[in-house]
Amino acid sequence: MNTLTEKLQRLPDTRPYPETPTKNDALRQAADIVANTSAAQVKLAQEQLDTGIHAMLAQNHYLSLSVALSMIESPAQYRVLWQALCKALSPHAAQEVQWLAFPVVVVIGAERSGSLKQDLPQAALNQTLKQYGVIDPDTLTWLPQLLDAEDISRISAGDWYAAKQDLTAAQNFAGSLSGAALSYESGQEVRLVYALAYGTNAALREAAGKNLGEAALPLMQVWQEHLTADGLTVFANPLNADLPAAAQMHADTMRRRMACDVFTANAIRSLRLQHPRVGVIIAARDGGELLFSFQTTEPCNVPPLNFHWHLAPSEEIPLVLQNFIDLLAECRMEQVRIVQDILFAQEPIPLYQEAVAMRGFNPFFPENTEA
């Protein structure tokens with residue numbers, strides 16, 4: 001009998017991959033690395049990829065890299081390209097600057113619309129980072145304001161490359177950054193914000209990607225106390241500090257995961273108040289979207305509640321699904337149907353009883369999975 005992981009791989013990947021391979025050196029090298037045919041081939045391809053990306057950024061002409069990132073053939077290829085980009089954006093000489101992004105996923109509960117504080121609690125951050133040995137704050141220069149995930153995404157690889165060349169370039173770049181107000185509406189939402197810092201101390205390079213460890217809970221408290229306001233409740237999840245490009249990939253997935261967690265808890269609670277039996281349908285929709293539909297298992301007048309997970313290029317579907325299934329297990333949900341047929345772009349999500357009759361399986365009952 002197949003394992004659950006093998007069964008989760010049956011859900012189709014509907015992201016728009018190219019039908020024919022694209023002629024692109026970076027893509028070819030990434031494909032060679034993913035194929036892992038031999039240690040020598042992987043080493044050669046990695047060296048060529050690293051050298052090529054560095055040269056493109058140095059010449060401020062990285063169209064080939066942009067094409068490669070948009071024409072990847074698998075999440076594994078994307079991660080190889082992105083990791084090579086992160087390596088090129090890291091400091092390689094004593095005078096070069098280490099940039100660090102400190103992502104914070106914020107769950108907001110608001111009685112009315114407003115804006116989050118945009119300044120940083122620098123004193124409390126510095127004290128906590130120093131106390132728990134995460135980073136020596138004396139080696140950091142903080143940008144004074146928080147930036148939204150959209151602000152960070154608009155910064156190009158070329159901008160980051162130029163900003164790491166020396167301290168003057170970093171200071172000029174920092175002075176040019178300004179973020180939009182971190183506004184929110186009444187109700188509940190999940191936001192991703194970043195604190196940015198830079199420095200030239202060699203020890204900072206070891207801090208990139210370092211696990212927060214025992215500092216995670218104190219940092220959570222620092223952010224929650226700073227961001228909470230009258231009529232506003234905040235749950236803050238600080239993530240590991242890393243090179244901005246590296247932090248983006250992990251933090252974006254974590255934001256979606258936490259948004260899904262919040263939606264799931266609210267949807268199950270709401271439906272259970274109206275009907276004793278609640279089920280979940282998991283399906284893939286054309287265009288790179290996973291659908292999680294919360295419904296009553298029997299026909300009634302309670303409308304379904306649907307969460308749309310738009311897959312990032314780097315995300316592996318089985319991992320996304322496993323995390324979601326683990327959450328459903330914690331919520332004691334057993335009526336779950338993973339539909340293996342692709343839903344078209346405008347096709348409605350099937351009702352639970354319809355989904356049970358479709359090709360698919362229940363991940364909690366692997367001994368009786370096939371429809």
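Biologist: How many of the residues count as buried?

Modeller: This is a predicted model, and 48% of its 371 residues count as buried. Buried here means under 20% relative accessible area.

Biologist: What makes the radius of gyration agree with a compact globule?

Modeller: A compact globule of 371 residues would have a radius near 21 Å, and the chain has 23 Å, which agrees. Along the principal axes, the C-alpha atoms fill a box of roughly 65 × 55 × 35 Å.

Biologist: Which helices and strands are there, by number?

Modeller: The chain has 14 helices and twelve strands. Of its contacts between residues at least 6 apart in sequence, 76% join residues at least 24 apart.

Biologist: Why is Asp252 called partly exposed?

Modeller: Its relative accessibility is 27%. Buried would need a value under 20% and exposed one over 50%, so Asp252 counts as partly exposed. Asp252 sits in helix α12, which covers residues 244-272.

Biologist: What makes the pair of Asp252 and Arg256 a polar contact?

Modeller: Their side chains meet at 2.6 Å. The cut-off is a pair of N or O atoms within 3.5 Å, one able to donate a hydrogen and the other to accept it. The pair therefore counts as a polar contact.

Biologist: Which residues does Asp252 touch beyond four places away in sequence?

Modeller: Those are Leu192 and Ala312.

Definitions and conventions
Residues are numbered from 1 along each chain as its sequence is written. This is a predicted model: local features need pLDDT of at least 70, side-chain atom pairs count only at pLDDT 80 or more; totals for chains, interfaces and linings use all residues. Side-chain values use heavy atoms; hydrogens and water are left out. Helices (H or I, at least four residues) and strands (E, at least two) are DSSP runs, numbered from the N terminus. The radius of gyration is taken over C-alpha atoms; the globule rule is 2.2 Å times the number of residues to the power 0.38. Buried means under 20% relative accessible area, exposed over 50%, partly exposed in between (1.4 Å probe, protein chains only). Contact means heavy atoms within 4.5 Å.
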